[in-house]
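Visitor: I have the coordinates open beside the sequence and would like to talk them through. Could we go piece by piece?

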Amino acid sequence: MNQWFENIVGNNSLLIYALMLFAVLSLRWAILNVVKRWSNKKEERSSFYYMVKSIVNWFTIYGIIIYTLIHFRSSDWMFDALFTIGSEPVSIFLLIIAILIISLTNRLSNLVRSYVFPGVYKRYELDKGVRFTFDKAFHYLIMILAIIISLSTVGFELSALTVFAGVIGVGIGFGMQNIASNFISGIILLFERPIKVGDRVIVDDIIGDVERINMRATVIKTLDNEHIIVPNSYFLEEHVINRSYSDKVMRLVIPVGVAYGSDVPLVRNLLLQVAEDEAKVSPTVRKHPDPFVNFKEFGDSSLNFELFVWISNPEHVIRIKSNLNFRIDDIFREHNVEIPFPQRDLHLRSVDPAIVEKWKRE
């Protein structure tokens, strides 16, 4: 029986390969089941299961790839040329090696950015924008090096890439100017940082927070929890308001009108009282600079004022404005200060006598 099994296994490379795959996948299933049962007993360790699952999957995938290369290292089909670039033949083996190196480098980059860099950022108290810029720069650099090293490792002459360079150059000349412009603009945004991740910006009257700066476009999350995709070149060519550029402190302007004949000094004191009361419950409202009431103009139907209040975080603009408006309405009602509505006087120069007689009879 043993001799029969050895003959089959020895003469069938694919059977050995299939058995090994089955063993690896079975081991993966067993490990994940054990860890899942153990982590379910302790809810605080549930995240441990996902970390172990990621590591096990990582070792499973790359273990299978490496074993495939070793197992079929003497097979002719692994090294037969699929195509050539210039004078360089490209085989399945070379493609797998190149993809393996690039993929491993990408995994390494993700691990470093997820588990190493956060500790460094926290130690030096770097803001969210600097962290994102450094993460992207590190990832791009290490991936470029991985591509170069992988090509050199498999014996590929980098001089053969001149063919691709020529194609890319023609493509840029005929139809890729926009992509190239956005890519270069993205690099400028990452290093010059006119905007950065976490900034609150206004684009075409849409307010949102910069969430990601990618190679081609920037993702902005609006206050309505919607995402807009803006080409990177837009931020260098168009007028963009960045409320967080150098100083997050900004001034809120609350317009309000009162009826003619109102006690103007009282209105001023009430508006200042509103700002003071809001500052007591909202740390975002600053006491310095002091709130200020601007008597703007004598309007058609009202005396128009503006309450100036400074806040330390532009993300709270809507909430603070709403709170101030509620307080103004309450305190004006309490002190009988009238907020007028537009009024128009209608003067009739002539009326049909029949209508006048009918109105009198009624």
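Visitor: How do strand β3 and β7 pair, and over how many bridges?
Guide: Strand β3 (residues 200-203) pairs with β7 in the antiparallel sense over 2 bridges, where pairing requires that DSSP finds at least two bridges between the strands. Helices (H or I, at least four residues) and strands (E, at least two) are DSSP runs, numbered from the N terminus. Within this pair, Val-201 stands opposite Asn-242 in β7. Please keep in mind that this is a predicted model, in which local features need pLDDT of at least 70 and side-chain atom pairs count only at pLDDT 80 or more, while totals for chains, interfaces and linings use all residues. Residues are numbered from 1 along each chain as its sequence is written, and side-chain values use heavy atoms, with hydrogens and water left out.

Visitor: What order do the strands of that open sheet take?
Guide: The 5 strands run in the order β6-β5-β4-β3-β7, with antiparallel pairing. β6 (227-231) and β7 (241-242) are the edge strands, each pairing on one side only.

Visitor: Why call β5 largely enclosed?
Guide: Because 5 of the 6 residues of strand β5 (residues 217-222) are buried, the strand is largely enclosed by the rest of the structure. Buried here means under 20% relative accessible area, exposed means over 50%, and partly exposed lies in between (1.4 Å probe, protein chains only).

Visitor: What does Leu-271 touch?
Guide: Leaving aside residues up to four places away in sequence, Leu-271 touches Val-256, Val-293, Phe-305, Leu-307, Ile-328 and Phe-332, contact being heavy atoms within 4.5 Å.

Visitor: OK, surface next. Which residues make the nonpolar patch?
Guide: Met-51, Ile-55, Phe-59, Leu-111, Tyr-115, Val-116, Val-120, Tyr-124 and Leu-126 make a nonpolar surface patch of about 880 Å². Patches are made of residues with over 30% relative accessible area and no salt bridge, like charges being joined within 9 Å and nonpolar side chains (Val, Leu, Ile, Met, Phe, Trp, Tyr) within 5 Å. Accessible areas come from the Shrake-Rupley method with a 1.4 Å probe, and for residues only the protein chains shown count as cover. Helices α3 (46-71) and α5 (92-124) are the elements that give two or more residues to the patch, and α5 supplies the largest share, 5 residues.

Visitor: Tyr-124: buried or exposed?
Guide: Tyr-124, which is placed in helix α5, counts as exposed at 53% relative accessibility.

Visitor: Last topic: how many salt bridges does a search find?
Guide: A search of the whole structure finds 6 salt bridges, each a side-chain nitrogen of Lys or Arg within 4 Å of a carboxyl oxygen of Asp or Glu. One of them joins Asp-199 to Lys-196, with the closest N and O atoms 3.3 Å apart; Asp-199 is buried at 3% relative accessible area, and Lys-196 counts as buried at 14%. Another joins Lys-296 to Glu-306, with the closest N and O atoms 3.8 Å apart. Lys-296 lies in strand β9 (residues 292-298) and Glu-306 in strand β10, so the pair ties together parts that are 10 residues apart in sequence.
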